[in-house]
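Colleague: I am new to this structure and would like to learn how to read it. Could you walk me through a few of its features?

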Amino acid sequence: MIIGPHITISKGFSKASEIAVEIGANTFQFFSRNPRGGNAKEFDKKDIEKFQKIRKENNFGPILAHAPYTINLGGTKDDVYEFGKRAIKEDIARMNSIGIEYLCFHPGSHVGGGIEFGTKRIIDALNEAIIGNEDLVVLLETMSGKGSEIGFTFEQIKEIIDGVKFKERIGVCLDTCHIYSAGYDIVNNLDDIIDEFDRIIGLDKLKAIHLNDTMTDFNSKKDRHEQIGKGKIGLEAIINFITHEKLKHLPFFLETPLDEAGHKEEIKMIKEEVNKR
Ligand code: FE
Ligand code: FE
Ligand code: ZN
């Protein structure tokens, strides 16, 4: 199983990978730049070398960078759009240069401009940002549908993918909390939901999972992550999900509200539950 939490890289990539190993993870997610936006930091060459060594020695699975939440490629404000386009383009290049496999981002919110307008803007931005010779794959995250978010149905995600020129460079990161809140009942109809994803988007496009439980009810269109097994999805459904024949090979990233010690316990508990199957 490939599993790891979100870890801060404020103390460097090598430190983050050491923490991952220490807490029983074999991958991790991190922010591609400060989550409140701003300019990206230069990399420390020694730190990156050490990070590469650690992840190789410990057989890490693919690593996931998450773009800052301040990026909105779907809205009506031109200054926000220009910042977002520049940041995503830069971060694709930056993450690619250090061998990060995936960069996920929230497709965007149309903030009144409408889904059609927002979707077109997202597609245009991606076609400017993705050059085509990257090794990295850009992942659209499935959203809960709060506010004017785009990307809370498989059809909306598919429409963005269809507009992107370099198809090999675009994929999906499925967030369990978000799709449950969006109205996909992974607790009672997991097989049907997986089939639906396959029919509309294609399972070959699914590259990573954000593994979260949720505080809010099914179809609530809210986005409140909960610790694994303590929310409305529940432990059994989560274990069904990660052990599913069509999903178990994927990397699972925890975005649960826990510190490092808490994530260590959570990973241990998940592994124990998986081993009981
Ligand atoms: Fe996210
Ligand atoms: Fe997420
Ligand atoms: Zn979320």
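Colleague: Let me start with strand β12 (residues 251–254): which residues point one way and which the other, and are they buried or exposed?

Modeller: First, the ground rules. This is a predicted model, in which local features need pLDDT of at least 70 and side-chain atom pairs count only at pLDDT 80 or more, while totals for chains, interfaces and linings use all residues. Residues are numbered from 1 along each chain as its sequence is written, chains are lettered from A and ligands numbered from 1 in the order in which they are written, and side-chain values use heavy atoms, with hydrogens and water left out.

Modeller: Helices (H or I, at least four residues) and strands (E, at least two) are DSSP runs, numbered from the N terminus. Buried means under 20% relative accessible area, exposed over 50%, and partly exposed in between (1.4 Å probe, protein chains only). In β12, Pro-251 and Phe-253 point one way, Phe-252 and Leu-254 point the other way, and all are buried.

Colleague: Which strands does β12 pair with?

Modeller: Two strands pair if DSSP finds at least two bridges between them. Strand β1 (residues 2–5) runs parallel to β12 and is joined to it by four bridges, with Ile-2 opposite Pro-251. Strand β9 is also parallel to β12, over three bridges, and there Ile-209 has Phe-252 as its bridge partner.

Colleague: And why is strand β8 described as largely enclosed?

Modeller: Strand β8 (residues 170–175) is largely enclosed by the rest of the structure because six of its six residues are buried. Ile-170, Val-172 and Leu-174 cover one side, and Gly-171, Cys-173 and Asp-175 the other. For its partners, β8 pairs in the parallel sense with strand β6 (residues 137–141) over four bridges, and four bridges also join β8 to the parallel strand β9 (residues 206–211). Cys-173 is a handy landmark: Glu-141 stands opposite Cys-173, and Cys-173 stands opposite Ala-208 in β9.

Colleague: Which residues coordinate the iron ion (ligand 1)?

Modeller: When reading a metal site, look for donors, which are N, O and S atoms within 2.8 Å of the metal (3.2 Å for Na, K and Ca); water is not among the atoms, so sites may look incomplete. Here His-66 (NE2), His-106 (NE2) and Glu-141 (OE) coordinate the iron ion (ligand 1) at 2.1 to 2.2 Å. Their spacing in sequence is H-x39-H-x34-E. His-66 in strand β3 (residues 64–66) and Glu-141 in strand β6 are 75 residues apart, so this pair links distant parts of the chain. Both His-66 and Glu-141 are buried.

Colleague: How far apart are the iron ion (ligand 1) and the iron ion (ligand 2), and which residue coordinates both?

Modeller: The two ions are 3.2 Å apart, and Glu-141 coordinates both.

Colleague: Where does Arg-277 lie, and what is it in contact with?

Modeller: Contact means heavy atoms within 4.5 Å. Arg-277 lies in the segment after α9 (260–276) and counts as exposed because its relative accessibility is 53%. Leaving aside neighbours within four places in sequence, Arg-277 is in contact with Glu-236, Ile-239, Asn-240 and Thr-243. Arg-277 and Ile-239 are 38 residues apart in sequence and 8.9 Å apart in space, C-alpha to C-alpha.

Modeller: A polar contact is a pair of N or O atoms within 3.5 Å; within protein, one must be able to donate a hydrogen and the other to accept it, and residues adjacent in sequence count only if both atoms are side-chain atoms. The side chains of Arg-277 and Asn-240 make one, at 2.7 Å.

Colleague: Is Asp-91 buried or exposed?

Modeller: Asp-91, found in helix α3 (residues 78–97), is buried, with a relative accessible area of 0%. Its side chain joins that of Arg-94 in a polar contact of 2.8 Å.
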